[in-house]
Amino acid sequence: MTGNTNKNTGSHPFIELKDLSKHFGDFVAVDTVNLQIGRGELFSILGASGCGKTTLLRMMAGFETPTSGRIFIDGVDVTDQAPYQRPVNMMFQSYAIFPHMTVEKNVAYGLEKDRVSKGEIKTRVSEILELVQLTRFSKRKPNQLSGGERQRVALARALVKRPKVLLLDEPLAALDKKLREHTQFELMNIQDELGITFVVVTHDQEEAMILSSRIAVMEKGRFEQVGTPKEVYEYPDNRFVADFIGTINMFEGTVETAGDGSISVASDEAGAPLTGLTDRIMENGVKVCIAVRPEKIFISQHEPENQEDTCLPGVVEDLGYFGNLSLYRIRLDSGKIVQVSAQNRRRSAERFLEWDDRVFISWPPRSAIVLTE
Amino acid sequence: MNRKTSRFVLSVLAFGYAFLYIPLASVIVYSFNDSRLATVWGGFSTRWYGELLRNEQVLDAAFLSLRIAVTTATFATIFGTMAGMALSRFGGFRGRTLFAGMIISPLVMPEVITGLSLLLLFISLQQLIGWPAHRGFTTITIAHTTFAMAYVTVIIQSRLSGMDQSLEEAAMDLGGRPLRVVFDITLPLIAPAMVAGWLLAFTLSLDDLVIATFVSGPGGSTLPMLIFSKVKLGVTPDINALATLIILFVSISVIVAWYAMRRMQRQTEKNMQTAAK
């Protein structure tokens, strides 16, 4: 449907950022970002602190004016609109609940500013408090609530106006681990039920992986990769994304032979030629990186028979038993440490491997990620 | 050893308190002195209090001082709050440093200079536009507001910088226009600081002698000015009575303020306990 200018088809992106930049003096917080988010998506912006993700979110909410670029929401250019004019609501990292108002008053505030009739305010507030399970706290003041309850007040207050987009700044960072896991699923259910587009900013990759339909990995004001959690984890575009999301073993080397969508890489770190699959056309002598996730690697005391797999000998340097899985740190002959994780499928009193055992680690070529950038 | 130290500490404490409170106590005691001579005890009497209440000069001065203090405190709180908001919520606007410096300067300016410059201002204004026609309530109130406002600004600014700015952003995000947000969110949250600022401005104005002396005219004597001019002619027992009444007034206000603050604190603690349950 390229070239279709009819805005009612729903084929246009719901949120669109065009060449968006923000400079603070000489510091470039957001650097010509382009992004399209579809209606009803739960989109995460993932990055370490200081990468510009919060600035990006605050530009979408209207608290920061972009240095250049435009922001479109549902086909309307909102770049010059004030925060109170945008069809967007935000949930703040500190929750920013008004301490001098009851839960009920906090939630009703946005509707009162919209001059909604008293009766409708009442029904809508009680509906949304029902949804976040806070009905019995409606007359309480914020200082009588726990962290998780405050988080739900903030969520209810932002949702009650039925915004087109809900922006969430580190929504779960202030909660403890157990509550965080529970709330993650609650957030997803609410998003599913209301069909509002969510844009979440987070530094917690696990949170981003579980919650999102798509993730943008951000670094130094730019997007390194935008994709589904699976794409970002299994098919990282570059070294930064591969290293940032989860754990990964990387072997630097040069292409020795290439052809048939498969390359052989000579790597001093590995001590043996590594095989990788790639669609890209590579020339001999090009520097590449072969990356393998710890859970994709097999570990055994005997040399595996399959000749196609990459196989490297090493010694168990360290091991950790986690119950459901074991983590191994294997020192190769080159001195390189490789991390391997293995599921503990069998129940046995004896440990399978011990420190200083001689082992072979192997993986099939399709498990190896070929990175050039 | 321990006992000795504690005796030493106690005597230092006693000396300190004695130094501070014996003069006050003697003022109170001598206010009940029947003798006309301020330093000779002539038996117990409350006649100086009666005389004080019949002395129109004193009553007028006290009433003028109160009117000035209330007006000053109110205007200083309004302007000081506005200045404090400008300094802590409007970012780094052009001329911010200059503005901050000029707002705060009355705090460090010698009172004599402030008083003299304001007097010169009022005189030239009178020559130019005929206002103020005479110096008194209006000129003293303006002068007091200019320096009391500096104190209020500092209090409001420190309260605002301790307040999470995302509260105001959240209100704006929910559809509140900036001015509406000030009344809905900012002012209720800084109300305690505004009350503190008002009380401070009130006290400063009530207390001021130097600036008031400069900018006042004939017939416009505040209470401190009256006391000072009376003492120049010698300490009379009715001054002791007046001082006693002021001490009583101040003590009661302090106790009321302290009690109100303790109640507020208890309420907060109670809320915290409920939250922890």
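**Two domains in one predicted chain**

Domain 1 of chain A and domain 2 of chain A bury about 740 Å² between them, with 48% of this area on carbon and sulfur atoms. Buried area here is the accessible area (1.4 Å probe) that two parts lose on being put together, summed over both. The model is predicted: local features need pLDDT of at least 70, side-chain atom pairs count only at pLDDT 80 or more, and totals for chains, interfaces and linings use all residues. Residues are numbered from 1 along each chain as its sequence is written, and side-chain values use heavy atoms, with hydrogens and water left out.

The pLDDT is the predictor's confidence in each residue, from 0 to 100. Its mean for chain A is 89, and 96% of the residues of chain A reach 70 or more. Over residues 1-10 of chain A, however, the pLDDT is below 50. Where pLDDT is low, the predicted coordinates should not be read in detail.

The two domains span residues 9-242 (domain 1) and 249-371 (domain 2) of chain A; such bounds come from an automatic or database domain assignment. Eight residues from domain 1 of chain A and nine residues from domain 2 of chain A take part in the contact, where contact means heavy atoms within 4.5 Å. On the side of domain 1 of chain A, the residues that lose the most area to domain 2 of chain A are A:Y233, A:R239 and A:A242, together 69% of what that side buries.

Between the domains of chain A there are two salt bridges. A salt bridge is a side-chain nitrogen of Lys or Arg within 4 Å of a carboxyl oxygen of Asp or Glu. A:R239 and A:E252 form a salt bridge through their side chains, at 2.8 Å from N to O.

Next comes a sheet. Helices (H or I, at least four residues) and strands (E, at least two) are DSSP runs, numbered from the N terminus. Four strands of chain A form an open sheet in the order β2-β1-β4-β5, with antiparallel pairing; two strands pair if DSSP finds at least two bridges between them. β2 (27-37) and β5 (76-77) of chain A are at the edges, each with a single partner strand, so one side of each has no neighbour in the sheet. Strand β1 (residues 15-24) of chain A is joined to β2(A) by seven bridges. A:L17 has A:L35 in β2(A) as its bridge partner.

Definitions and conventions
Chains lettered and ligands numbered in written order.
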